[in-house]
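Dear colleague,

Please find the structure below for your files. My notes on it follow directly after.

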Amino acid sequence: MGSWRRAEAAVVPPALRLQLGLTAVLAALTVLALGVLYAGDSEPGPVDARIGTAAYDVGSPWRHVALALDFLGEPAGATALVVTLMAGCLLLRRPRAAALVAAGAAAAVVAATLLKSLVGRTIHGGGNLSYPSGHTAFATALALAVALTATGRLGLGRTAGTALMLGAALTAGAAMGWAQVALGAHYPTDALGGWCTALAVVPAAAWLVDRTADRMTDRAAGPMADRRTDGTTERPDGRTAGRRADPSTDRRADRMAGRTAGPPAGTGRREVR
């Protein structure tokens with residue numbers, strides 16, 4: 001029963017574990033490949049030049065939209081957004097989801113910041129590190145956290161859950177990535193790198209949240225947490241141990257056995273001839 005409860009409350013639904021793991025591996029490989037390709041670069045690549053021509057220097061009202069999206073990735077806007085989402089998760093009685101919102105966003109931003117220093121790609125001068133986009137990573141991480149929570153709450157299957165997860169990540173990542181390119185803060189490949197960064201680190205953050213929550217639950221519950229109502233207990237490996245001893249049941253069984261076994265040998269009545 002204990003393991004069943006843990007699986008039900010997990011932020012990573014069992015149906016999505018394989019897909020989420022494969023997505024994280026592919027995303028990490030993409031981040032690595034792009035980082036090696038653009039390491040120490042300060043100019044747009046061929047793909048950046050083609051896409052950027054259509055996205056740079058947008059006019060009103062789209063520039064205002066881009067500025068609004070960009071604000072959500074700045075410290076003040078990001079903090080307000082994270083707090084709002086965490087409060088919503090807590091109101092829905094999903095503390096693990098609230099923890100994932102915070103952990104996923106933090107992991108994405110930290111990973112993007114570290115990668116910027118390692119890759120060293122710049123835009124508009126040597127002091128503006130650009131790869132990967134931290135704004136895009138942050139927005140994608142929040143979308144993934146919300147999508148995972150919705151998948152578990154709605155009880156979606158593998159296909160629907162995967163579609164929701166990737167759709168939410170793509171929508172949020174594309175919107176924030178477009179804003180960063182339109183404002184000239186990043187190259188398109190920077191936005192792609194930020195999107196993949198979130199896809200790589202959020203599954204790890206979700207796994208860590210589940211493991212930590214499970215350990216805290218086990219410690220708080222104690223050794224009696226997994227005792228079943230039918231008298232069996234669940235071992236840590238998921239198997240069930242035998243039924244617990246009941247002295248009254250044993251005494252009743254002994255009395256019934258004595259009634260049906262008949263009198264002991266040598267004590268029966270003698271036959272009268």
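Helix α7 passes helix α8 in a right-handed crossing; a crossing is called right-handed if the near helix is turned clockwise from the far one by less than a right angle, and left-handed if anticlockwise. Helices here are DSSP runs (H or I, at least four residues), numbered from the N terminus. This is a predicted model, in which local features need pLDDT of at least 70 and side-chain atom pairs count only at pLDDT 80 or more, while totals for chains, interfaces and linings use all residues. Residues are numbered from 1 along each chain as its sequence is written, and side-chain values use heavy atoms, with hydrogens and water left out.

The α7 and α8 pair

α7 covers residues 134-154 and α8 covers residues 158-182. The two pack at an angle of about 160°, with their axes 8 Å apart; axes are lines fitted to C-alpha atoms over the stretch in contact, and angles run from 0 to 180 degrees between N-to-C directions. α7 is therefore roughly antiparallel to α8 (over 145 degrees; under 35 counts as roughly parallel, 65 to 115 as roughly perpendicular and the rest as oblique).

Contact means heavy atoms within 4.5 Å. On the α7 side, the residues in contact include His 135, Ala 139, Ala 143, Ala 147 and Thr 151. On the α8 side, they include Gly 161, Met 165, Ala 169, Gly 173 and Gln 180. By type, the residues of this contact divide into 12 nonpolar, eight polar and no charged. In that count, Ala, Val, Leu, Ile, Met, Phe, Trp, Tyr, Cys and Pro are nonpolar, Asp, Glu, Lys and Arg are charged, and the others, Gly among them, are polar.

α7 has 21 residues and reaches 30 Å from its first C-alpha to its last, close to the expected 30 Å. The expected span is 1.5 Å times one less than the number of residues. Of the 21 residues of α7, 16 are buried, so this helix is largely enclosed by the rest of the structure. Buried means under 20% relative accessible area, exposed over 50%, and partly exposed in between (1.4 Å probe, protein chains only). Just after α7, Gly 155 takes a positive phi of about 65°.

α8 has 25 residues and reaches 35 Å, close to the 36 Å expected. Its buried residues include Thr 162, Ala 172, Met 176 and Val 181. Gly 184, which follows α8, has a positive phi near 75°.

The loops

Pro 132 is in the loop between α6 (95-119) and α7, and a cis peptide bond with omega of about -5° joins Tyr 131 to Pro 132. His 124 lies in the loop between α6 and α7; its phi is near 60°, a positive value in a residue other than glycine. His 124 is exposed, with a relative accessible area of 64%.

Arg 93, in the loop between α5 (75-91) and α6, has a phi near 60°, again positive in a residue other than glycine. Arg 93 is exposed, at a relative accessible area of 75%.

Two further residues

Val 82 lies in helix α5 and is buried, with a relative accessible area of 14%. Not counting residues up to four places away in sequence, Val 82 touches Val 101, Ala 105, Phe 138 and Leu 142.

Leu 32, in helix α2 (residues 17-37), counts as exposed at 55% relative accessibility. The C-alpha atoms of Leu 32 and Thr 197 are separated by 9.6 Å, although these residues are 165 apart along the chain.

With kind regards
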